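Keep the viewer open as you read.

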Amino acid sequence: MNAQELMKKYKEMTAKPVNSPSQDNESGESVSTLYQSSSLRILLVRTSEEPESVSVEVEVWLPSFNSENGSNETPNSNGDFENERLGVILGQMISHLSYLLKLHKSGFLLDVIKHDCLWTASKSFSKPPTRMMFEHLLPP
């Protein structure tokens, strides 16, 4: 995915009326998924009271231990495999934390839900974000 595709999808999603079918949260906000991977998702949050205002929320969590190959079977000993996988997961988290830092530097507010190890970054827009903002939103 590139910034142009992300921007196009954003425009398509925000052009729909707020009351169109979507997942509603407990606050009555309309929540749509702009992007999702195994350890990151970008959500668009809107309300019927202010449909032109869009909150972009990025959620980042620890990747699943089995996210790449779906199995614990190993060619080497189990300890070697676990150590290798933990290294891969650590590299992914470093990449995601750098991504969150980039978002923070571009004006997003950061938060962490400690018991779930879930990081969030959010920012509200009253008009469509610039192309540069979509460059910042591109996941690692």
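First, the ground rules. This is a predicted model, where local features need pLDDT of at least 70 and side-chain atom pairs count only at pLDDT 80 or more, while totals for chains, interfaces and linings use all residues. Residues are numbered from 1 along each chain as its sequence is written, and side-chain values use heavy atoms, with hydrogens and water left out.

Now for the core. A nonpolar core here is a set of buried Ala, Val, Leu, Ile, Met, Phe, Trp, Tyr and Cys residues joined through side-chain atoms within 4.5 Å; buried means under 20% relative accessible area, exposed over 50%, and partly exposed in between, using a 1.4 Å probe and protein chains only. The largest such core has 23 residues, and Ile-42, Val-56, Val-58, Phe-108 and Leu-137 have the most contacts inside it. At least two of its residues come from each of α1 (3–15), β3 (40–46), β4 (54–61), α2 (78–105), β6 (118–125) and α3 (131–137). Those labels are DSSP runs numbered from the N terminus: helices are H or I with at least four residues, strands are E with at least two. Which element gives the most to this core? That's α1, with 5 residues.

So let's look at α1 itself. This helix has 13 residues and reaches 18 Å from its first C-alpha to its last, close to the 18 Å expected at 1.5 Å a residue (the expected span is 1.5 Å times one less than the number of residues). Its buried residues are Ala-3, Leu-6, Met-7, Tyr-10 and Met-13. They sit on the same side of α1, because they cover an arc of only 130° around the axis, taken from the directions from the helix axis to the C-beta atoms. The general rule behind that is that an α-helix has 3.6 residues a turn, so residues three or four places apart point the same way. On the other side of α1, Lys-8 and Ala-15 are exposed. The cover over the buried residues includes β2 (30–36), β3, β4 and α3.

Next come the aromatic rings. There are 2 aromatic pairs, where rings of Phe, Tyr and Trp (its six-membered ring) pair if their centres lie within 6.5 Å, and planes under 30 degrees apart count as stacked, over 60 as edge-to-face and the rest as tilted. Tyr-10 and Phe-134 are edge-to-face, 5.3 Å centre to centre with 70° between the planes. Tyr-10 is in helix α1 and Phe-134 in helix α3, so this pair ties together parts 124 residues apart in sequence. Tyr-10 is buried at 5% relative accessible area, and Phe-134 is buried at 1%. Phe-108 and Phe-125 form another edge-to-face pair, at 6.4 Å and 65°. Both are buried.

Finally, the structure holds 2 salt bridges, each a side-chain nitrogen of Lys or Arg within 4 Å of a carboxyl oxygen of Asp or Glu. Glu-59 bridges to Arg-41, with the closest N and O atoms 2.6 Å apart. Glu-59 lies in strand β4 and Arg-41 in strand β3, so the pair ties together parts 18 residues apart in sequence. Glu-59 is buried at 13% relative accessibility, whereas Arg-41 is partly exposed at 27%. Glu-135 bridges to Arg-131 at 3.6 Å; being 4 residues apart in helix α3, they are separated by about one helical turn.

Technical notes
Contact = heavy atoms within 4.5 Å.
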